[in-house]
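Subject: Structure for your review

Dear colleague,

Please find below the structure I am handing over to you. My notes on its pockets and salt bridges follow it.

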Amino acid sequence: MDFRLKVFSAVANRLSFTKAATELYISQPAVSKHIQELEETYKTKLFERNGSKIALTPAGEILLKHTKNIFEIYREIDFDMSSFINERQGLLRLGASTTISQYIISPVLARFHQKQQEIKVNLLNGNTEQIENALINKEIEIGIVEGQSKNQSIKYIPFLKDELVLVCNTENPLVKQNEISLEDLKAMKFITRERGSGTLEVIEFALKQVDVKITDLQIEMRLGSTESIKSYLLNSDCFAFMSIHAVDKELKNNELIVLDVENLSIERYFYIITLLGKPDSLSELFIQNIATYYNLGL
């Protein structure tokens with residue numbers, strides 16, 4: 001592999017010569033030298049320099065696109081060739097939306113590492129929109145997400161069923177009610193995830209089916225993680241729709257409680273996502289491990 005492309009990729013992704021030098025354990029002058037050689041080779045500028053800031057030129061954008069494809073090919077070569085000496089080696093880049101990375105995927109990763117210790121795994125955490133974008137930009141090979149969005153360039157494989165339930169802390173006055181009506185929802189204060197969250201998309205879709213808009217709810221605050229929502233609920237009289245997987249510990253400890261809502265059931269699937277087309281060998285191996293762990297017929 002041309003090391004200059006590795007240097008270029010590091011600079012392009014971090015938009016910093018200093019950070020690229022730190023990442024690659026080389027000096028900043030060495031980084032500058034490699035970039036200069038590439039620019040001389042292609043007879044065009046790859047970066048625009050504006051004081052201390054840099055940005056990719058159109059030529060740089062094209063080279064970055066090709067560089068990602070080249071790295072993908074090298075990664076698959078390393079993995080396929082290692083199989084001839086009975087070793088599985090390589091780097092698998094995963095992405096998982098917040099609920100999944102925190103509560104679902106860890107045991108799968110632990111089991112995968114036990115079986116395939118020579119394979120390194122990087123896990124990117126973000127909301128569903130961020131994980132889908134990372135997949136499209138070839139920053140990851142596999143994503144595991146929640147939500148209703150259907151991007152035309154992505155293959156969605158149903159992975160695990162989930163239920164979103166209405167929860168609050170056990171001291172909330174409304175826990176005495178047997179059931180929450182749809183009209184009650186409009187008078188309650190809610191904590192929700194941020195825009196781009198797959199969980200929020202599913203909630204909006206389900207409420208729409210019973211003629212309740214998300215704008216009908218009194219949203220006190222939008223928070224960027226499931227853990228922050230749970231902490232807020234424990235210290236307020238607010239409510240939230242959350243994955244049953246995410247609140248398992250708090251329910252067992254009698255810190256949070258599930259409230260039934262009339263005529264409302266919110267179920268969804270988590271999805272394994274890959275780009276359309278045949279996944280590479282390493283991605284296929286990981287998907288097989290997920291299927292085995294959860295007894296899925298993928």
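By class, ten nonpolar, four polar and eleven charged residues make up the lining of the largest pocket. Here Ala, Val, Leu, Ile, Met, Phe, Trp, Tyr, Cys and Pro count as nonpolar, Asp, Glu, Lys and Arg as charged, and the others, Gly among them, as polar. The model is a predicted one, in which local features need pLDDT of at least 70 and side-chain atom pairs count only at pLDDT 80 or more, while totals for chains, interfaces and linings use all residues. Residues are numbered from 1 along each chain as its sequence is written, and side-chain values use heavy atoms, with hydrogens and water left out.

The largest pocket has a volume of about 1,000 Å³. Of the 25 residues lining the largest pocket, Glu23, Phe71, Leu91, Arg93 and Asn122 are the closest to its centre. A pocket is an open set of points on a 1 Å grid over the protein atoms alone, where a 1.4 Å probe fits and protein lies on both sides within 12 Å along at least five of seven lines; lining residues have an atom within 4 Å of a point. Grid points are joined across faces, edges and corners, and a volume is the space filled by probe spheres set on the points. With six residues, H4 gives the most to the lining of the largest pocket; helices (H or I, at least four residues) and strands (E, at least two) are DSSP runs, numbered from the N terminus.

The second largest pocket, with a volume of about 270 Å³, is lined by 14 residues. Nearest its centre lie Glu72, Leu275, Lys278, Pro279 and Asp280. H4 again gives the most to the lining, with three residues.

Turning to salt bridges (a side-chain nitrogen of Lys or Arg within 4 Å of a carboxyl oxygen of Asp or Glu), a search of the whole structure finds 15. In one of them, the side chains of Lys33 and Glu37 meet at 2.6 Å, N to O. Lys33 and Glu37 are separated by about one helical turn, because they are four residues apart in helix H3 (residues 28-42). Arg193 and Glu194 also form a salt bridge (2.9 Å, N to O), and Arg193 is buried at 6% relative accessible area. Buried means under 20%, exposed over 50%, and partly exposed in between (1.4 Å probe, protein chains only).

Yours sincerely
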